Amino acid sequence: MTPTRIDLTAPDDWHLHLRDGEALASVIGHTAERFARAIVMPNLKPPVATVAQAEAYRQRILACLPPGARFQPLMTLYLTEQTSPEEIALAKASDSVLAVKYYPTGATTNSQSGVRDLARVHAVLEAMERHELPLLLHGEVTDPDIDIFDRERVFIERHLLPLQARFPALRMVLEHITTADAVEFVTGAPAHVAATITAHHLLLNRNALFEGGIRPHHYCAPILKRQTHRAALLQAATSGDSHFFLGTDSAPHARETKETACGCAGLYTAHAAIELYAEAFEQVGRLDRLEAFASFHGPDFYRLPRNQERITLERTPWVVPPSYRLATSTCVPMRAGESVAWSLVRQGS
Ligand code: DOR
Ligand code: ZN
């Protein structure tokens, strides 16, 4: 019998873009309603590169939470070629910073301050290995000779395997994985190497970029991949393997910056995040494994307690609005104008 309600331990989002200022205030409610905690990405302009900046950003996030929200932002530092081993020690000692994010220069939104050559940050990685501070990887090469659909696979071969050999105890999360190659790598890795998977990479293959015409709202980094890769991601997410956990990579962009000649990368999914994951798990008949993926594997990896609160979803389809407000503009969410099969049951309703 197909279930009509799902009751689960409150989930966490282990990879999220919240932006800043008015945009942050516009989007935070969607995440706070669904998730108890989220790892907040540091790719602001300028990047969140120090513990002091991360702490200030955390305060700005807390200040715009809706009244009564108990959401906890978990902060990250943006790894630059200027990051010092001393900053890593400060991060480890802080209560707010949980991990450090690696962007290869030019891979995605605000990645200009990222790392051109991993060899330049070896001293920092050594400090992270020693302090057991996880490295969150945007795992793509940006070499113009490499096909955009091969960026993740080549990153694993060229950079991740050597990194793992050099820093065998370094805790790592390969973020927003998109390929069977990444699934294979992470499945075979030790428990201190993990991966996040987005709802959009579980639900869409690369055809979604060209459905009846070009679809800028389905453009993200890493780009959507072919169906065989999507199937491998679905298998991994629903396998019960604790290497894999939820990270939406929800990334709001103003409509006009996506519907343009050179559009930004990112899908906005925070408005329906856990509901979309439920759809994906249901597609393969594995709703029973949603809770472990969404609520257990992440805190276990980060050595944090699992949440005590619970949330409920019910099978009541709803139509996603055509857009949401984003500061002075609007943002077109995933499934805009279309329906989502599961709804969040609001407390008290
Ligand atoms: O699609 C993406 N958007 N991928 C990223 O890695 C960054 C994100 C953003 O910040 O817009
Ligand atoms: Zn991201």
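**Strand β8 and a second sheet**

Leu174 sits opposite Ala195 of strand β8. This is a predicted model, in which local features need pLDDT of at least 70 and side-chain atom pairs count only at pLDDT 80 or more, while totals for chains, interfaces and linings use all residues. Residues are numbered from 1 along each chain as its sequence is written, and side-chain values use heavy atoms, with hydrogens and water left out.

The two residues belong to a parallel pairing of β7 (residues 172-174) with β8 over three bridges. Strands here are DSSP runs of E with at least two residues, helices are runs of H or I with at least four, and both are numbered from the N terminus; strands pair if DSSP finds at least two bridges between them. On to the other neighbour: β8 and β9 (residues 244-246) also run parallel, joined by three bridges, and here Ala195 faces Phe244.

How much of β8 is buried? Five of its five residues (193-197) are, so the strand is largely enclosed by the rest of the structure. Buried means under 20% relative accessible area, with a 1.4 Å probe and protein chains only. Val193, Ala195 and Ile197 point one way, Ala194 and Thr196 the other.

Elsewhere, an open sheet of three strands runs in the order β1-β10-β15, with antiparallel pairing. Strands β1 (5-9) and β15 (343-344) are at its edges with a single partner strand each, so one side of each has no neighbour in the sheet. Two bridges hold the antiparallel pair of β10 (residues 310-314) and β15, with Leu344 of β15 as the bridge partner of Leu313.

Notes: Chains are lettered from A and ligands numbered from 1 in the order in which they are written. Buried means under 20% relative accessible area, exposed over 50%, partly exposed in between (1.4 Å probe, protein chains only).
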